[in-house]
Amino acid sequence: MEISKNKTVLFLSNEILLDDGFFILLETIDHKVRSFEIDELDFRVIIDSSIYKVIESYQASGNRREFKRIQGVISILETLGLKEEIDTKEFIDFSELIELKKTKYSEFDVTFITNLKAHAQRSFLQDEDELLYYEQFIDEQLEKWILERPKKEVVKAEVKETETTKRTRKQRSTIPKTLQGAFHTDESSKYITVTNLDDINYVYSTQFGYLKLDKENILAGGEGKIYKSYDNLMVKIYTKEERRYELVKKIQRMIDMDLRNSYIVWPKDIVYNKNEFVGYVMDEIKNAEGLDMSRIYSFRNLLYIDRFHICIKLLKMTKYLHDKAILIGDLKFDNVMYKESTKELFIIDSASFQVEDYSCGVFNADYTHDNLKGKNLREVLRTLEEEYFPINKILFEILMGKGPFYDFKTGEVGSEVERDFHYPLEVKQDVENKNDPLFYWAHADVRLRQAFYDYFKNNIITEVPEWITLLEDILKGAK
Amino acid sequence: MASKFDLFGDFEPVKINSSMKFPLILVLDVSGSMTQRTPYGRKPKITELNEKVQILLEFVKADPKASQITDIAIVTFGGEVQVQAPFDNVKNVKFKPLRAYSSTPMGSAVNVALDMVNRRKKYYLDNGIEFYRPRIFLMSDGAATDQYEQAAKRCSNMVNNREVKMYPIWIGEGEYDYILKDFSPELEPKTIKSDQMYFEMFRSLSGSTSNPDDDPFDRWFKDEF
């Protein structure tokens with residue numbers, strides 16, 4: 001590195017302070033500053049404030065060599081008057097560095113030196129205008145990092161072009177075309193916090209203060225646990241592995257959005273444990289049950305007319321979200337709650353929704369479009385077309401009582417069964433037994449059969465507003 | 001054909017039994033060697049097994065959804081093949097602690113289990129009950145002592161024809177006995193190597209009964225975590 005030519009800022013990743021190559025470089029800098037070859041005001045070295053934690057941990061674990069080495073480097077930088085500090089939240093958020101380059105150090109070459117590709121890559125992704133340089137030490141020499149932006153993945157549903165699809169193709173997507181790849185951190189990147197989920201008894205919210213977690217009332221889920229707390233509030237605490245940087249940003253973005261639908265259970269505030277992000281707080285839904293419990297009774301525990309109302313409410317909420325460029329993503333019966341006493345319907349688990357370029361990383365194989373199979377869903381943005389798969393499957397199961405891929409020859413369901421639609425558009429035989437899997441299909445309004453047949457047999461989509469109109473029309477015609 | 005039923009008018013909600021089922025059959029080795037301890041465990045294998053099956057049944061019975069959809073059957077082999085519990089809703093399954101003795105007629109036990117699975121599937125189909133593919137949980141600590149080849153072939157055919165899912169578990173010495181593999185054309189048998197692993201197996205199996213779509217047991221078996 002030519003250190004005397006241009007005004008220079010070096011930003012150091014913590015491990016660089018232990019690198020022999022850096023030590024050699026530091027000796028050169030030291031010599032040049034002391035001999036006035038370079039002006040200290042033209043040469044700055046920025047370290048991350050998390051280095052003090054590293055020093056503490058070396059001291060605590062008795063690694064004296066490392067402890068003294070880092071302290072030595074810092075005192076040399078201080079003595080030379082080169083040292084500055086920023087806080088990147090442990091190399092997660094580089095906005096302060098990028099901002100310095102744009103303002104105070106606009107005349108300087110700013111180089112981020114790190115031997116960790118994840119750090120370089122993460123900074124590079126945030127540094128959209130490529131203002132910074134990225135270098136690493138290889139055999140005590142500085143070398144450039146080769147960094148790439150992820151290829152933007154375009155996921156398109158294969159909808160067969162027929163007259164009907166053309167008809168329904170008008171202005172379907174509300175998802176902005178510019179958002180194609182999801183915002184995500186890579187697997188090697190560190191998680192935000194380390195405290196084990198079960199060790200947390202209280203959390204703090206700036207809006208609600210301290211919230212006690214009721215350890216007697218726990219709902220377990222794949223990404224963490226949900227606890228009851230005070231005042232009809234519930235707290236979702238993520239497992240360590242789920243507490244990722246993009247999740248905090250996503251939940252903060254969701255809280256900032258102006259969402260006014262009390263039937264969609266939305267995050268109210270982020271909660272912290274000792275200043276660490278651990279989850280969010282939301283309203284508790286009382287006396288409601290997941291629709292998955294009705295699914296196992298083929299929905300025969302509910303009046304047929306109520307099954308229609310459930311579908312219409314679900315579609316209206318879905319439309320409300322789609323209009324805001326939000327996809328539910330992991331749409332399944334477990335995430336829809338029904339309160340029978342008031343006939344109210346709620347959608348839960350909203351933090352998993354696909355919001356702008358924050359992806360929906362979770363799925364249930366049985367309710368996921370074929371396009372998404374085998375993909376890392378944290379990296380991929382889903383399309384509206386793909387959301388029509390769970391929408392149609394759920395509507396079908398509520399109204400017909402059985403799965404759309406029910407195999408009349410074997411009776412098997414589940415994600416391992418071929419997705420073939422065996423229901424005939426016209427039912428020839430007389431179906432009188434209510435236990436017959438064809439019963440609700442055979443006696444359903446023909447327009448309903450047609451819409452499902454179109455979708456599952458011919459990939460023709462009935463859009464959400466059209467579904468609402470259709471179901472309301474059928475209800476009007478009912479006695 | 002015009003419908004003579006008015007779906008909106010004619011029906012009241014009914015309390016029916018769950019019309020969606022998750023059938024699981026435990027095929028368990030109770031031969032003489034099960035009185036010994038595992039290399040990692042402190043108790044005789046049969047005691048350990050009795051405890052785990054009891055915990056599994058209690059968990060499934062206590063879960064609102066699993067208790068409705070899970071149909072369990074238990075077949076044992078030790079000297080002879082015994083149907084400890086025919087297929088029934090888990091709430092009706094009575095479990096008496098198993099005793100271990102004698103030889104290992106694994107082939108005959110699997111044959112009995114396959115017959116039971118087929119009868120159960122016919123019952124579901126005849127009654128319009130949806131079901132997830134039946135799971136056979138085959139656990140053994142020794143080599144089959146009967147003429148097992150025919151049963152193994154029949155079982156493999158049914159797995160290949162996607163009629164049943166077979167999960168062979170080995171709790172014997174060393175890596176698994178190759179006979180188990182003959183019953184399972186898709187999945188390599190899994191060797192239990194620690195108490196922790198034994199515990200996780202039953203915990204994930206409980207999880208699958210309340211959430212067959214997610215199927216934590218299948219993921220545990222395939223090391224997909």
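In chain A, the C-alpha centres of domain 2 and domain 3 lie 29 Å apart. That is where I will start, and please keep in mind that this is a predicted model.

Domain 2 of chain A puts 14 residues into the contact with domain 3 of chain A, and domain 3 answers with 13 residues. Which helix gives the most to the domain 2 side? Helix α7 of chain A, residues 245-256, with 5 residues. Sorted by class, the domain 2 side holds 8 nonpolar, 4 charged and 2 polar residues.

For orientation, the domain assignment of chain A runs as follows: domain 1 covers 8-144, domain 2 covers 188-283, and domain 3 covers 289-477.

Now some strands, again in chain A. Strand β1, residues 8-12, and strand β4, residues 109-113, run parallel and are joined by 5 bridges. One pair to look for is A:Leu10, whose bridge partner in β4(A) is A:Thr111. β4(A) also runs parallel to strand β5 of chain A, residues 133-138, with 3 bridges between them. There, A:Phe112 stands opposite A:Tyr134 of β5(A). To get from β4(A) to β5(A), the chain passes through helix α5 of chain A, residues 117-126, and this β-α-β crossover is right-handed.

Last, the two chains. How many residues does each chain bring to the contact? Chain A brings 35 residues and chain B brings 32 residues. On the chain A side, α8 (292-295), α9 (304-323) and α11 (439-443) each supply at least two residues. That side of chain A divides into 16 nonpolar, 10 polar and 9 charged residues.

Conventions:
Residues are numbered from 1 along each chain as its sequence is written. Chains are lettered from A and ligands numbered from 1 in the order in which they are written. This is a predicted model: local features need pLDDT of at least 70, side-chain atom pairs count only at pLDDT 80 or more; totals for chains, interfaces and linings use all residues. Two residues are in contact if their C-beta atoms, placed from the backbone, lie within 7 Å. Helices (H or I, at least four residues) and strands (E, at least two) are DSSP runs, numbered from the N terminus. Ala, Val, Leu, Ile, Met, Phe, Trp, Tyr, Cys and Pro count as nonpolar, Asp, Glu, Lys and Arg as charged, and the others, Gly among them, as polar. Domain bounds come from an automatic or database domain assignment. Two strands pair if DSSP finds at least two bridges between them. A crossover is right-handed if, with the strands pointing away from the viewer, the path from the first strand over the helix to the second runs clockwise.
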